[in-house]
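Let's take a walk through a protein model together. Have a look at the fold below before reading on.

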Amino acid sequence: MISAGAIATAFYFDTAVSDFMEHHRNRVIYNFMYNVSRFGDWPEHMALGLILVWVAWRRGNRKWKRIFLSMVIALAIAGVSSHVIKIAVSRARPSVKLERVEPWSRFSSHYHAFPSGHVAASTAFFGVLFFASRRLGLACLPIVGLIGFSRLYLEAHYLSDVVCAAILGILSALIVVHFFLRPIRHPQSAIEN
């Protein structure tokens, strides 16, 4: 119910938020948001995740190796899912002017907006961290918010693209946590059987 309400509200305010961002844009903040988006994409998250897996492996910390690997898996699930949905929905970005769209450009990732791949990947990545360690997850929450805001500010996405991507990221994180991070309930019974 909360997700449905958030999605409906986001679609309702799409144009208002897009117009607000357009009228309150300046060069300094634009450049900052551009860099946030550039470093907040899935390849950077994937590199960070793999580095963290390697560090945990080198230190012999099985718990954190498992957590970091789960973060990478959730990121991959969210990334692939968002890409498939983007192609299927084929919603133009706010910055795309329909009168200058070439027929072939509809197959380009620069055209598609729904959902935001940046936000889905980031939310899935840090969502697993949140479910594994509330304190660390909450500390990283501003990163996800900043990435989402940057996508709105740069006219790359509508509010609904960002909200739906965040929900997709949370679902991806929950799936991975359920299958890879849930604790073993009765280890003795497994040995006895």
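The paragraphs that follow go from the overall fold to helix pairs, and then to aromatic rings.

This is a predicted model, in which local features need pLDDT of at least 70 and side-chain atom pairs count only at pLDDT 80 or more, while totals for chains, interfaces and linings use all residues. Residues are numbered from 1 along each chain as its sequence is written, and side-chain values use heavy atoms, with hydrogens and water left out.

Start with the whole protein. Its secondary structure comes to eight helices and zero strands; here helices (H or I, at least four residues) and strands (E, at least two) are DSSP runs, numbered from the N terminus. Of the 193 residues in the protein, 40% are buried. Buried means under 20% relative accessible area, exposed means over 50%, and partly exposed lies in between, using a 1.4 Å probe and protein chains only. Two residues are in contact when they have heavy atoms within 4.5 Å. Among contacts between residues at least 6 apart in sequence, 78% join residues at least 24 apart.

Now find two helices that pack against each other: α4 (residues 62-89) and α7 (residues 159-181). Their axes are 9 Å apart and the packing angle is about 140°. Axes are lines fitted to C-alpha atoms, for helices over the stretch in contact, and angles run from 0 to 180 degrees between N-to-C directions. Angles under 35 degrees count as roughly parallel, over 145 as roughly antiparallel, 65 to 115 as roughly perpendicular and the rest as oblique. The helices α4 and α7 are therefore oblique to each other. On the α4 side, the residues that meet α7 include Arg 66, Ile 73 and Ile 77, while Leu 168, Ser 172 and Val 176 are among those from α7. By class, this contact of α4 with α7 has eleven nonpolar, four polar and one charged residues. For these classes, Ala, Val, Leu, Ile, Met, Phe, Trp, Tyr, Cys and Pro count as nonpolar, Asp, Glu, Lys and Arg as charged, and the others, Gly among them, as polar.

Let's zoom in on one residue here. Ile 77 sits in helix α4 and counts as partly exposed, at 32% relative accessibility. Leaving aside neighbours within four places in sequence, Ile 77 is in contact with Ser 172 and Val 176. The C-alpha atoms of Ile 77 and Gly 169 are 8.6 Å apart, although 92 residues separate the two along the chain.

A second pair is helix α5 (residues 117-132) and helix α6 (residues 134-153), whose axes come within 8 Å and cross at roughly 170°. These two helices are therefore roughly antiparallel to each other. Their contact divides into twelve nonpolar, five polar and two charged residues.

How many aromatic pairs does a search of the whole structure find? There are three. Rings of Phe, Tyr and Trp (its six-membered ring) pair if their centres lie within 6.5 Å; planes under 30 degrees apart count as stacked, over 60 as edge-to-face and the rest as tilted. One of these pairs is Trp 64 with Phe 68, which is tilted, at 5.3 Å centre to centre and 40° between the planes. Both residues lie in helix α4, four residues apart, about one turn of the helix. Phe 68 is buried, because its relative accessible area is 13%. The rings of Phe 130 and Phe 131 have centres 5.6 Å apart and planes at 70°, so that pair is edge-to-face. Phe 130 is partly exposed at 26%, and Phe 131 is partly exposed at 31%.
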